[in-house]
Amino acid sequence: MDNQINKNNTILISPVTRIEGHAKITIQLSPDGSVADAQFHVNEFRGFEKFCEGRLFTEMPSITPRICGICPVSHSVASAKACEMIMGIKPTYTGNLLRRLIHIGQNISSHALSFFHLSSPDFLLGWDSDPATRNILGVAEKFPDLAVRGIRLRKFGQEISERITGKKIHIMGIVPGGMGFPLIEANRKALLAWVPEAIETTQKGLELIKKYHDDNKDMVNSFANFPTLYLGTVGSQGELELYDGKLRFIDTDGRILQDQLDPARYLEFIAERPIEWSYLKYPYYKPFGYEKGFYRVGPLARLNVAAKMKTPKAQKEFLNFKSMAGNKPVHGTFFFHYTRLIEMLQSIEEAEQILKDPLVTDKNVQTLGRWNNPEGIGCSEAPRGTLFHHYTTDETGKLLKVNLLIATGQNNPSMNRSVLEVAKQYVKGKDLTEGALNRVEAAIRCYDPCLSCSTHAIGSMPMVIEIKDHQGKTVNVIERG
Amino acid sequence: MAKIPVNIDGKAFEVEAGKTILEVCCDNGIEILTMCHLEGVGDVGACRLCLVEIEGINKLLPACTTKVAVNQVIKTNTERLKKYQKITTELFFAERNHICSVCVANNNCELQELGYKVGMDHVRFPYLFPKCETDTSHPWFVMDHNRCIMCTRCVRVCSEVEGAHNWGIMNRGFQVRIISDFDTPWGESITCTSCGKCVQACPTGALWPKAVVQGQLAKQPEMIAELVQKRKMNL
């Protein structure tokens, strides 16, 4: 990190690191130097919704994965589902199974990346350790076995995509009506062989985070701990669901506000408000209004809303998680890491079940159809939370309007709140220590946000933190990038 | 047909008089890059990729529309030609909006293959980014002007093989566009027989069937020549 003080009393620190994309934080101080407010800005604009207008709707499952290099499958799945609603068709059994499997693969690779590559350096090397080595390479040096395991776990997730579609990242093959390609037997066997190692690595990650929880109870419990509503997808029995299912909203005490909600009705319950200081809008739970309707999505939210997990090993951890707050929602932002790992465990166990399904290699992978309805809404649980694609077309299938409600956008109000909470705890006055800066960044990193939806590049994600005094005058600027 | 002597790339050949340089080269296994050429329909020399050098003639001539002549000395593989082929390819990409990664023809596109073939790693000319329409009005097919390179293969196959004359050309220069009938939506055409030959003939993702998505497109432009041949033989 490069600290610098210029003539205007501006400190430049060169990179919010280990997050996706470009971001800026403004911290406003009270006259006594304590933190009064904080704002998390996303200062880039993509324009996907606009430039997709005019395209044929069936192109969307291959255009929208380009939004993100980490969660392209979630976009493709949500998009294909929206197309299926327009066509009025359902995917074939095997097509659905393969899509579910690829989606699981992406969840594994994204969660492994978030935990092992981006966040574990803080737990393993220390919050205040040398920032030059506080990354996956530093972890590889001191904990080579764990680093290699983390990297291989991510590889397993990506290999699921590759062995079905031929590509690791921007996959082709998720199509309206199912899948473009079947899974061949040799690839099924090869993927199945990965499962024991993947489960073992996830369990090592769980041991690591649980030990960290035990050793740092105060910090973990107090880290950006604030009540919000939660949104997640559940199955018909309330089990955690990532690919299909219905929506469930719960309140701050865990009471179910809406259950088994068809994602196609999302606009009845979610509204968005643009804010002047960020390109990310502020979504909220409509019935409670803008002030009281902030909700969170993602692993923490999903485990908070779920009644159970689908697989035995994950269920065991889930019960432990639920006991933490006496069956009430866990609000501590730090628990995103723990829930991410529990979710990953379910994903791997579920992948094994799918790979053992005799119909997974069936050739009947796609239902054919054509334009039948002007509107389509698709939903999937991206690694970072609930994702909606909403298309309106003319009678020829040309897109007139595209609305994409992205998980990170829904967490935006809460990320903002988390930054404020952590800043209040660790920032005193205009001078920021590197360790305090890292903790403010870590509050964002808990949500694993995908701001630019670009691929990770360690140490090169620029972040600016501005500290303003009570009169709004900038007294410190910290830049890393 | 009488045989005549020609020299191509330093080698002597006895070739049939009346054939084009492109035909002669194809007959003798000499590769010439083409884009607007399509077996089964007439050549128009539109794409300028098949330009060759002919001794004694200052300008470059398209192999597809130039006939062989006695003792002609032809060069198909010079640095000068390679330079022009690369420029031509780059200009194709710069003129409209070609985004291979999201195109339905990705990995099944003659333009994309051409880019690889000439070693295009970037485009040196400013992109025009024109605002182009996508005509989705036909019940089975789409015409996306963003991906059209004006090879006119669709126009020729429609008139010469199908005899429908649905496709035509409008405007000049970079404003040139393929049109259906008198520039009306394709779905409203009174001449189109919906035979789909234009879709098979199109070298890019400009014309494609609505039923397929990325990764599923499999065009068969060679079926046009086969069809023409079968008709000649009254099969």
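Q: Where does A:Asn327 lie?
A: A:Asn327 is in the loop between α12 (312–324) and α13 (335–355) of chain A. Helices here are DSSP runs of H or I with at least four residues, strands are E runs of at least two, and both are numbered from the N terminus. This is a predicted model, where local features need pLDDT of at least 70 and side-chain atom pairs count only at pLDDT 80 or more, while totals for chains, interfaces and linings use all residues. Residues are numbered from 1 along each chain as its sequence is written, and chains are lettered from A and ligands numbered from 1 in the order in which they are written.

Q: Thanks! Is A:Asn327 buried or exposed, and why?
A: A:Asn327 counts as exposed because it has 9 C-beta neighbours inside 10 Å. The cut-offs are 20 or more other C-beta atoms within 10 Å for buried, 12 or fewer for exposed, and partly exposed in between, with C-beta atoms placed from the backbone.

Q: And what is its phi?
A: Phi of A:Asn327 is near 70°, a positive value in a residue other than glycine.

Q: Over to chain B: where is B:Asn171?
A: B:Asn171 sits in the loop between β8 (167–170) and β9 (177–180) of chain B. Phi of B:Asn171 is near 70°, again a positive value in a non-glycine residue, and with 10 C-beta neighbours inside 10 Å B:Asn171 counts as exposed.

Q: How many residues does each chain bring to the contact between A and B?
A: Chain B gives 14 residues and chain A gives 20; two residues are in contact if their C-beta atoms, placed from the backbone, lie within 7 Å. The chain B side divides into 5 nonpolar, 8 polar and 1 charged. In that scheme Ala, Val, Leu, Ile, Met, Phe, Trp, Tyr, Cys and Pro are nonpolar, Asp, Glu, Lys and Arg are charged, and the others, Gly among them, are polar.

Q: New topic: at what angle do α6 and α7 of chain A pack?
A: Helix α6 (residues 144–165) and helix α7 (residues 185–215) of chain A pack at about 145°, with axes 9 Å apart. Axes are lines fitted to C-alpha atoms, for helices over the stretch in contact, and angles run from 0 to 180 degrees between N-to-C directions.

Q: Which residues meet there?
A: Among them are A:Phe156 and A:Ile160 in α6(A), and A:Leu191 and A:Trp194 in α7(A). By class, this contact has 8 nonpolar, 4 polar and 6 charged residues.

Q: Is A:Trp194 buried or exposed?
A: A:Trp194 is buried, with 22 other C-beta atoms within 10 Å.

Q: What about A:Gly205?
A: A:Gly205, in helix α7 of chain A, is buried too, with 25 other C-beta atoms within 10 Å. Leaving aside neighbours within four places in sequence, A:Gly205 is in contact with A:Phe115, A:Phe116 and A:Leu341.

Q: Last one: in what order do the strands of the open sheet in chain A run?
A: The 4 strands go β9-β8-β7-β12, and the pairing is mixed. β9 (256–261) and β12 (295–296) of chain A stand at the edges with a single partner strand each, so one side of each has no neighbour in the sheet. Strands pair if DSSP finds at least two bridges between them. Strand β8 (residues 246–250) of chain A and β9(A) pair in the antiparallel sense over 3 bridges.
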